[in-house]
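I opened this entry to keep track of what I looked up in the model. The notes follow the order in which I checked things.

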Amino acid sequence: MQQAILAIMPPVFDGNHQRLICQLRTYIAAIDIDEAKKKTITLTCFNCGNFGHYALDCEAKCKNCSHNHQAKVCIKPLQDNEINEENVVNEENDKNEINKENEINEEKEINKENEINEENKINKENKVNEENEVNEENEINEENEINEENKVNEENEINEENEINEDNEINEENEINEENERNEENERNEENEINKESETNEEKEINEENEINEENEINEENEINEDNEINEDREQKITRRTNNIRAPQQLDMS
């Protein structure tokens, strides 16, 4: 609203030629409107609020300042316009300075990021180189370990073969000794068997004799027992007979 009012206010020279030229151009552009257009366009005065004219043509009392004059001759809007222009210029300068500072800060950040990226690249390259060196050393160590293991394995194989040969020799000797021992044991066993057979034969003879003697003794005992039984029977018969003879005699006596 205020800018529209300033655009149609008449210019005032304050010593600044460029500002005067801008004001004249703005003023000419504002008043270069056909009167017929002014009548056909619905206009609102920013001073009195009525329709049909601009504030620069308003003959009512000016409401923009405390002076008692018409609105069309008031210069306060021009002064406010100058202040606003200065503020705009200052704001633009501030913005430009801020933009420059932001650009500088962005450049610094970009440079820092680039430095960090370069350092990271260098660190990565160094890590890769270190890893490659470590891998090479590990490969060399692995090869050396493999060679040592192969040597040890070869030595172990030779030792195992020697041990196997020694074991075989020992086993052969042991087998010979075992065979000799078996032969000796067999001979001993044969002798023992012969001796056992002779002993068993002697024992059998003794046992047979003992059995014969036992049978003879049993037979003798049986004969003695039989004789005793016969004698006992005879005695019993005699006692019975004597008892039978004495019984009738006792009856007669009674």
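I started with surface charge and noted a positive surface patch formed by Arg234, Lys237, Arg240 and Arg241. The model is a predicted one. Is Lys237 buried or exposed? Its relative accessibility is 52%, and exposed means over 50%, so Lys237 counts as exposed.

**Overall fold**

Next I listed the secondary structure. I counted four helices and zero strands. Along the sequence the pattern reads α-α-α-α. I also checked burial over the whole chain: of its 254 residues, 10% count as buried.

**The annotated segment**

I looked up the UniProt record, an unreviewed entry, which places the feature "domain: CCHC-type" at residues 45-58. Over residues 45-58 I found 0% helix and 0% strand.

**A buried alanine**

I picked Ala71, which sits in the loop between helix H3 (35-40) and H4. Its relative accessibility is 5%; the cut-off for buried is under 20%, so Ala71 counts as buried. How far apart are Ala71 and Leu56 in sequence and in space? I noted 15 residues along the sequence and 6.6 Å in space, taken C-alpha to C-alpha.

Technical notes:
Residues numbered from 1 in each chain as written. Predicted model: local features only at pLDDT ≥ 70, side-chain atom pairs only at ≥ 80, totals over all residues. Heavy atoms only, no water. UniProt positions renumbered as here; feature names shortened; annotations may be inferred. Helix = DSSP H or I, 4+ residues; strand = E, 2+ residues; numbered from the N terminus. Patch = residues over 30% accessible without salt bridge, like charges linked within 9 Å, V, L, I, M, F, W, Y side chains within 5 Å. Areas by Shrake-Rupley, 256 points an atom, 1.4 Å probe, with all protein chains shown as cover. Salt bridge = Lys/Arg side-chain N within 4 Å of Asp/Glu carboxyl O. Lys, Arg positive; Asp, Glu negative; His and termini not counted. Charge placed at Lys NZ, Arg CZ, Asp CG, Glu CD. Buried < 20%, exposed > 50% of the residue type's maximum accessible area, 1.4 Å probe, protein only.
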